[in-house]
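Here is a friendly tour of a protein chain, from its overall fold to its pockets and aromatic pairs. Have the sequence and the model open as you read.

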Amino acid sequence: MSVAIFGGTFNPVHNGHLRIAIELAELLEVDSLRMIPCALPAHRDVPSASPQQRLEMLKLGIGEQAQRLLADDIELCREGPSYTIDTLREIRQQIGSQTPLFLCVGMDVLTTLDSWQDWQQLTDYCHLIVSSRPGYQIPKSGPLADWIRQRLCDDLHELKQSSTGRLHFCNLTMLAISSTAIRNKVSAGEKIDYLTPAAVVNCIQQQHLYE
Ligand code: ATP
């Protein structure tokens with residue numbers, strides 16, 4: 001058994017997130033990939049949709065067919081900024097020390113990882129799985145680049161044999177969709193069909209989000 005987590009603001013969730021989540025679940029051969037909306041992002045403005053609205057859209061987006069994907073409210077149950085390190089510590093307590101735990105992020109996230117709370121300790125609790133994203137490069141020099149190099153593991157099979165400590169890059173399907181583009185379209189009165197599942201489109205319309 002192993003567990004993967006994929007965090008984000010999910011404001012709103014879109015087909016880029018869902019496609020990558022399914023591919024990650026298959027690649028990592030996990031029983032469940034937990035998609036975790038942050039309550040209060042530590043490094044960006046307060047999202048226009050509330051944590052509950054973003055969680056609701058995430059559940060609607062995942063739907064019932066994607067059995068391996070789960071919407072996890074773990075960060076909504078905590079006060080204050082949502083630090084990933086706190087989430088990892090909590091999940092580690094739940095699953096014990098032997099179960100492999102994968103933290104999945106896009107390359108855009110990796111490039112700013114050194115601004116995260118206790119970032120150097122992240123791999124004490126998990127492996128880091130990084131999917132490339134157009135327009136973002138692996139940091140080439142500095143403390144973050146050194147940290148990445150020390151943990152790099154090209155062989156996913158080898159990485160799966162341990163529960164924490166390594167970093168792996170993968171090339172998965174990155175659809176050119178972002179939550180920002182969806183919010184901008186809604187506020188401009190444009191349609192967002194097929195950028196996010198129909199149930200999410202309906203929810204945005206019914207609750208007049210992003211207008
Ligand atoms: P925003 O436009 O508001 O910044 P976003 O679309 O980048 O949002 P986030 O919720 O910030 O979405 O991202 C959560 C995670 O999903 C990050 O690890 C990010 O790299 C990844 N991600 C975002 N968009 C895509 C996409 N189109 N394909 C694959 N992964 C994505």
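A residue is called buried when its relative accessible area is under 20%, exposed when that area is over 50%, and partly exposed in between (1.4 Å probe, protein chains only). Gly80 has a relative accessible area of 37%, so Gly80 is partly exposed. Gly80 sits in the loop between strand 3 (69-71) and helix 3. The C-alpha atoms of Gly80 and Ala39 are 8.2 Å apart, although 41 residues separate the two along the chain.

Please keep in mind that this is a predicted model, in which local features need pLDDT of at least 70 and side-chain atom pairs count only at pLDDT 80 or more, while totals for chains, interfaces and linings use all residues. Residues are numbered from 1 along each chain as its sequence is written, and side-chain values use heavy atoms, with hydrogens and water left out.

**The chain as a whole**

The chain has eight helices and six strands; here helices (H or I, at least four residues) and strands (E, at least two) are DSSP runs, numbered from the N terminus. Along the sequence they follow the pattern β-α-β-α-β-α-β-α-β-α-α-β-α-α. The radius of gyration, taken over C-alpha atoms, is 17 Å, close to the 17 Å of the globule rule (2.2 Å times the number of residues to the power 0.38) for 211 residues, so the chain is as compact as a globular protein of that length. Along the principal axes, the C-alpha atoms fill a box of roughly 50 × 35 × 35 Å. Of the 211 residues, 48% count as buried. Taking contact to mean heavy atoms within 4.5 Å, 74% of the contacts between residues at least 6 apart in sequence join residues at least 24 apart.

**Two aromatic pairs**

Rings of Phe, Tyr and Trp (its six-membered ring) pair if their centres lie within 6.5 Å; planes under 30 degrees apart count as stacked, over 60 as edge-to-face and the rest as tilted. A search of the whole structure finds two such pairs.

| Pair | Centre to centre | Angle between planes | Class |
|---|---|---|---|
| Phe6 and Phe10 | 5.9 Å | 65 degrees | edge-to-face |
| Trp119 and Trp147 | 5.4 Å | 65 degrees | edge-to-face |

Trp119 lies in the loop between helix 4 (107-110) and strand 5 (127-131), and Trp147 in helix 5 (residues 143-151), so their pair ties together parts that are 28 residues apart in sequence. Both Trp119 and Trp147 are buried. Phe6 counts as buried at 8% relative accessibility, and Phe10 counts as buried at 2%.

The largest pocket has a volume of about 1100 Å³. On a 1 Å grid over the protein atoms alone, a pocket is an open set of points where a 1.4 Å probe fits, with protein on both sides within 12 Å along at least five of seven lines; lining residues have an atom within 4 Å of a point. Of its 43 lining residues, Gly7, Gly8, Thr9, Arg44 and Val109 are the closest to the centre of the largest pocket. Elements giving two or more residues to this lining include strand 1 (3-8), helix 1 (15-28) and helix 7 (179-187).

The second largest pocket holds about 180 Å³ of space. Its lining includes Val186, Gly189, Lys191 and Glu211. Helix 8 (residues 198-206) gives the largest share of that lining, three residues.

Terms used. Grid points are joined across faces, edges and corners, and a volume is the space filled by probe spheres set on the points.
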